Amino acid sequence: MASMRDIKRRRTSIQGTQQITKAMKLVSTVKLQRARSNAEKSHNYFDTMYRTVCSILARVGETDHRFLKGNDSGRKAVIVITSNRGLAGGYNSSVAKLVTTNPDFSKGDIDIYTIGNKGYEILHRNGYNIVRNLPDIIEAPTFADAMGLTNILLESYSSGEVGEIYLAYTFFKNTVTHVPTLLKLLPVAPIDEDGDGNVDSIMNFEPGDEEALDMIIPKYIAGQIHGALIEALASENGARMQAMDNATSNAEDMIDDLTLKYNRARQGSITQELTEIIAGSQALNG
Amino acid sequence: MDKFKLRIVTPERVFYEGEADMVEMNTTEGQIGCYPGHIPLTVIIRPGILSIHEGDEVKTAALHEGFAEILPDSVNILAETVEWPDEIDEERARAALERAKKRLESKTDDLEMSRAETALQRAITRINALK
């Protein structure tokens, strides 16, 4: 059995770790609340944007627009949104898995844009071609950041470097459920109309169809990226909160276990001392 | 049908949601005003004054960028930036106006020029919205 001193030292060390995990849990709880209220506020825009674009696309009918048809390039661009810091359970690795385990993605022909250092590290280690890492964006996502990234991507799409653009992020369903999601941004997928009834009326564009779609689609994509960033931030903090909560309660279990062992060892040593004293005195008297 | 539903959203918030009799805004094709029963139309917004007419009340706001989907019974405006007059910092807007003017005078490359132009338009819109 380990000595009393060893057990005590181990228990103190676990208590120290527990204090850290407890503090991190509190911090991420506060951050989660803020991120969640941001997510709720931006959800409206995200939603309205999606519905509007759906109804525009449903009404526009057949079109050869470049954003809807795609180009011949076989390369795919994937935006991977992860966190900059670890200790968030499986949060980062499940996003990375969307890329590494996807049968449609072969290492050779995808270009990765990472937002967040963790995703960069994982995918870089696995030998993926990383075009850009933008770790600062995830700290405080703004619409301008999303627009900047959109412009970079649209440029490589328009020049025919890449034919499809995907977005891998974590959808924030609620505090405990976060769903790693892969979304196709471009070409804009034909959307199944949910039977609105409005579809028969034809949408008019001012200026012409082409120009209007040219201007709306980038905004739509930037909106999607911005929404994804905000959702990802909320998910990250949710995941970290959960991971730290588990770590804290695991530490509690270990401390309980060690306390029991320590007391047992203490009692054992007292019993042993007593036995020795009694044996000694008996030897003297005998 | 004498009113339509108006909804103005930005990435940060829902700016306006309610009924309106008429709404006016500036688009790439010029100033437009729309009444209920408009044909389905999608327009791209240029910086300008947005005015919402509801009953006898007219609300104005500075609308900078985005697009609008107009349907017979509703208008959805997806704006990147839109501000009520009381949210505008007049001094900042005037300073921005001066800065943009100076940049336009010191003609540099095209990208710089178009940026300065956008900044100028924004500043002018903000100042107009205050009047």
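I count two strands as paired if DSSP finds at least two bridges between them. Helices (H or I, at least four residues) and strands (E, at least two) are DSSP runs, numbered from the N terminus.

**Entry 1: ground rules.** I am working on a predicted model: local features need pLDDT of at least 70, side-chain atom pairs count only at pLDDT 80 or more, and totals for chains, interfaces and linings use all residues. Residues are numbered from 1 along each chain as its sequence is written, while chains are lettered from A and ligands numbered from 1 in the order in which they are written.

**Entry 2: strands across the chains.** I looked up S6(A) and strand S5 (residues 41–45) of chain B. Three bridges join them, and they run parallel. Phe205(A) faces Thr42(B) of S5(B).

**Entry 3: the interface.** I find 23 residues of chain A in contact with 21 residues of chain B (contact: C-beta atoms, placed from the backbone, within 7 Å). On the chain A side, helix H1 (4–60), strand S6 (204–206) and helix H6 (209–285) each supply at least two residues. H1(A) gives the most, with nine residues. By class, this side of chain A has 11 nonpolar, eight polar and four charged residues. Ala, Val, Leu, Ile, Met, Phe, Trp, Tyr, Cys and Pro count as nonpolar, Asp, Glu, Lys and Arg as charged, and the others, Gly among them, as polar.

**Entry 4: the sheet of chain A.** I traced an open sheet of five strands, with order S3-S2-S1-S4-S5 and mixed pairing. Strand S3 (129–133) and strand S5 (178–186) of chain A each have a single partner strand, so one side of each lacks a neighbour in the sheet. Neighbouring strands are turned by 25 degrees against each other on average, direction ignored. Strand S2 (residues 110–115) of chain A pairs with S3(A) in the parallel sense over four bridges. Ile112(A) has Ile130(A) in S3(A) as its bridge partner. H6(A) packs on this sheet, touching strand S1 (76–81), strand S4 (164–172) and S5 of chain A, and its direction makes about 35 degrees with that of S4(A). Axes are lines fitted to C-alpha atoms, for helices over the stretch in contact, and angles run from 0 to 180 degrees between N-to-C directions.

**Entry 5: a helix pair in chain B.** I checked helix H1 (residues 90–105) and helix H2 (residues 110–130) of chain B. Their axes come within 8 Å and cross at roughly 150 degrees. H1(B) and H2(B) are therefore roughly antiparallel (angles over 145 degrees). By class, their contact has 13 nonpolar, no polar and seven charged residues.

How values were computed. Angles under 35 degrees count as roughly parallel, over 145 as roughly antiparallel, 65 to 115 as roughly perpendicular and the rest as oblique. Two residues are in contact if their C-beta atoms, placed from the backbone, lie within 7 Å.
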